[in-house]
Amino acid sequence: MSTSKKRNISVLGPETFTGIKLQEPAEYAAGIPAVKVALQHAFKEMGVVKAVSGLFQMNQKDGFDCPGCAWPDPKKPSKLGEYCENGAKALAEEATNKRVDKDFFAKYSVEELSNWSDYQIGKSGRLTEPMVLKPDSIHYQPISWEEAYELIAQKLHELETPDEAVFYTSGRSSNEAAFLYGLFVRAFGTNNMPDCSNMCHESSGVALSETLGIGKGSVKLEDFDQAEIVMVIGQNPGTNHPRMLSALQKCKENGGKVISINPLEEAGLIRFKNPQQIKGVFKSGTFLTDIHLQVKINQDVTLLKVIQKKLAALDKNTKDVFDHQFIETYTNGYNELMEDLERYSEKELIELCGVEESFINETVQLLAGKSKIIICWAMGLTQHKNGVNNIKECVNLLLLKGSLGKPGAGTCPVRGHSNVQGDRTVGIMHHVSPALNELIQKTFGFTPPDKEGLDTVRAIEAMNKGEAKVFIALGGNFLSAASDTKYTAEALQNCELTVNISTKLNRTHLVAGKTSLILPTLGRSELDQKNGKPRYFTVENSMGRVHQSKGMLQPASDNLISEPEIIGGIANAYFKEGHPVPWKELSQNYELIREKIGIVIKGFEDVNAKSKGSGFYLPNNVRDLDFSKLPGGKAQFSCCDLPEHILKEDELLLMTIRSHDQFNTTIYGLDDRYRGVYNERRIVLMNEKDMHERKLNKYDIINMTSLYDDKKRKATNFLIVPYNIPRGNIAAYFPETNVLVPYNHFADKSNTPISKSIKVTLEPAFV
Ligand SMILES: Nc1nc2c(c(=O)[nH]1)N[C@H]1C(S)=C(S)[C@@H](COP(=O)(O)OP(=O)(O)OC[C@H]3O[C@@H](n4cnc5c(=O)[nH]c(N)nc54)[C@H](O)[C@@H]3O)O[C@H]1N2
Ligand SMILES: Nc1nc2c(c(=O)[nH]1)N[C@H]1C(S)=C(S)[C@@H](COP(=O)(O)OP(=O)(O)OC[C@H]3O[C@@H](n4cnc5c(=O)[nH]c(N)nc54)[C@H](O)[C@@H]3O)O[C@H]1N2
Ligand SMILES: [Mo]
């Protein structure tokens, strides 16, 4: 075991202000300002020529998939460019002309860099060559690829059991890279595969699997054209999935209605000016939301229960509000649900959820007469203690209305990272699948482990306690993304070795293990060739469509290696010659990887032929109304309890959200344009009445404290911003507030951290 002098690292970075300016929140999303900001970012980072060619290749049939979110591409991508403001920012960030090379690391120590903000760190540029941080050193130094692979192999061999290593994945990796990574981890002998989705849509996966038999959504993009009602719950599409606004616009043009359920009235959901249409540029655009239900944080189950109770009352008289034939044929548990609803008083539910009854009644009237209903959701539902129940309650509503397995209706968990769904499909998971293990055994000639592995929160705990000693990450920024920043920092710093396969510098490279490696890799937009021949890989979008993605920009450095080849390099160094899998050959030949995926993963047969062009849909039992794998062969209604938040008098419920200028832990800029907050991230959005009650004024500086299990956690220096948010609720940005989220408080069954409902108190800060 190596010992090392503790490096003097700032885990949180600077906690100072950048100069806030406030304006009124925006009245519409996109339009000319979005095009302007998109081009500003792209031109500044990439130069005009590269920006223009990059943007025109993005999301085109023979181009590359946007490195941003997972929203699907339309059948006929616009020739004017099929990208949004935040997709352009994602590309600018990846294809920047700035570089982080060995001179950069010679100049700046990790101690010095850790005092930079995440914004500064991210803006320093693309990583260009493999680097090592040795014990007792505070500077990264160059290392050859072969030496780096050998170092990893040596540290892995030194472990007492394979379960002392943790292999994290973030959702930007291709299906090919993720499949090979999962294969290597299993061959190495563990299922310790925490994934970013553990912090993201895991609650959706669990709820949908238990109720409908598949952990994915059921709608296709075309369904939005036909939907009569789209409900958008706990999601901010104007910022995080801007291309979804075009789908909502189409729904509206065809006579559909949009209902949003959110503690905030997000600009992107009010009005949309489609920059690809003349009327989006010169006219007032499309009003998207018909009814906004301003629910209190984490009272969605409560609100959905009132809606169901009121619908049930109507149905009692007419018998045509619920789809009784559908319920009879396809579902289990209807009577139990109806009995369970009786337990609650409508009045109490309405009071708890905080929504005005007239809006609820309007919603109920609308829902009563329609059956083509889509429910979309994201982090506002998944990141709570009852995240799984939140989604089950949405499924209840769809089942009651027979809104599944037909055009214009269904479930739509809107995914985060552009290939997070694909990574899971091809085998990144900490659970054991005996069927998958059997196929791997047959195809590759080794026996995968059958012990359940660690997910994200369990992995942090294991590293913190010294039970896991090597951490390898295929992408992502573990330190800043995970909860309880200081606890997670101790976990990573405890490790003998941390390895990050990354495109850009981030805080996890600085808050590192005793030895740390940075292995730089090609980005989504970059030309990936072998022996002069371009290669492509495949991704799966949020709606289960698998298609190819082919980069075309000149790589940031000649010394970058593709993700599959890095994994092959590590596997080769670890196994030497003694393993049945031909790691090197496989890692270089993506067609061969795909051929193997085709044998091992259901739905991928003939993937090499089928993935060309716009690709193919994976099987989806909900689309076929086949619930044969579930108890009784039926979809399941669920009786969900109400969420419980016992708040002390001075406590508030905090949701940690994204600003308009970030992609998770990557900070694009300091403006949250739609919410009218400029040039500052250390803010708290607060109801004016709550401010008044606490004698707080605009721009007062406060600290936030959370108290769980007698442990106090503190986030320092935030400016109060008055905002239209329910009483008792506040909002602030992540990752700055992750320090408040207790690592050991997470959603039942899915273990997703409670990032959207943290009990906090405020106190004045003396600065
Ligand atoms: N530009 C950009 N695009 C992104 C990302 C990004 O950071 N930037 N991240 C990607 C990833 S990984 C993901 S997972 C998605 C995230 O996409 P979102 O889930 O839209 O992201 P959040 O900012 O976490 O927003 C949560 C929304 O839920 C609301 N909310 C919070 N708590 C509650 C609640 O209790 N009930 C209800 N009904 N609403 C609530 C908030 O007000 C906010 O509007 O976006 C993806 N796309
Ligand atoms: N408090 C709070 N915490 C949260 C959330 C929240 O809402 N609130 N949201 C959670 C969610 S939904 C998610 S998904 C996680 C995100 O967790 P992560 O996925 O771990 O974080 P990202 O910020 O997306 O990772 C960014 C880094 O990925 C690397 N990268 C980018 N592109 C590539 C690529 O193509 N290949 C490789 N190898 N590396 C690449 C870059 O080095 C970049 O610095 O955070 C979670 N954390
Ligand atoms: Mo996510």
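# Rings, charges and strands

Me: What lies over the face of Phe718?

Reply: Arg682 does, at 4.6 Å from the ring centre. A charge sits over a ring if NZ of Lys or CZ of Arg is within 6 Å of the ring centre and within 35 degrees of the ring normal.

Me: Which charged end sits over the ring of Tyr617?

Reply: That of Arg545, 4.7 Å from the ring centre.

Me: What kind of model is this, and how are things numbered?

Reply: It is a predicted model: local features need pLDDT of at least 70, side-chain atom pairs count only at pLDDT 80 or more, and totals for chains, interfaces and linings use all residues. Residues are numbered from 1 along each chain as its sequence is written, chains are lettered from A and ligands numbered from 1 in the order in which they are written, and side-chain values use heavy atoms, leaving out hydrogens and water.

Me: How many aromatic pairs does the structure hold?

Reply: 27. Rings of Phe, Tyr and Trp (its six-membered ring) pair if their centres lie within 6.5 Å; planes under 30 degrees apart are stacked, over 60 edge-to-face, the rest tilted. Tyr487 and Tyr743 are a stacked pair, 3.8 Å centre to centre with 5° between the planes.

Me: Where do Tyr487 and Tyr743 lie?

Reply: Tyr487 is in helix α26 (485-494), and Tyr743 is in the loop between β32 (729-733) and β33 (758-764). So the pair ties together parts 256 residues apart in sequence. Helices (H or I, at least four residues) and strands (E, at least two) are DSSP runs, numbered from the N terminus.

Me: Is Tyr487 buried or exposed?

Reply: Buried, at 10% relative accessible area. Tyr743 is buried too, at 14%. Buried means under 20%, exposed over 50%, partly exposed in between (1.4 Å probe, protein chains only).

Me: Which residues do ring pairs link into a cluster?

Reply: Phe167, Tyr181, Phe184, Phe188, Tyr574, Phe575 and Trp583.

Me: New topic. Which residue forms a salt bridge with Lys123?

Reply: Glu45, with the closest N and O atoms 3.6 Å apart. Lys123 is in helix α6 (118-123) and Glu45 in helix α1 (31-46), 78 residues apart. A salt bridge is a side-chain nitrogen of Lys or Arg within 4 Å of a carboxyl oxygen of Asp or Glu. The structure holds 43 of them.

Me: Are Lys123 and Glu45 buried or exposed?

Reply: Lys123 is buried at 15%, and Glu45 is buried at 6%.

Me: How far apart in helix α24 are Arg458 and Glu461?

Reply: Three residues, so about one helical turn separates them. They form a salt bridge, at 3.4 Å between the closest N and O atoms.

Me: What makes the nonpolar surface patch?

Reply: Phe43, Val48, Val49, Val52 and Phe56, about 440 Å² in total. Helix α2 (48-57) gives the most, four residues. Patch residues have over 30% relative accessible area and no salt bridge; like charges are joined within 9 Å, nonpolar side chains (Val, Leu, Ile, Met, Phe, Trp, Tyr) within 5 Å. Areas come from the Shrake-Rupley method with a 1.4 Å probe, and for residues only the protein chains shown count as cover.

Me: Last one. In what order do the six strands form the open sheet?

Reply: β6-β5-β18-β17-β16-β7, with mixed pairing. Two strands pair if DSSP finds at least two bridges between them. β6 (141-142) and β7 (165-169) each have a single partner strand, so one side of each lacks a neighbour in the sheet.
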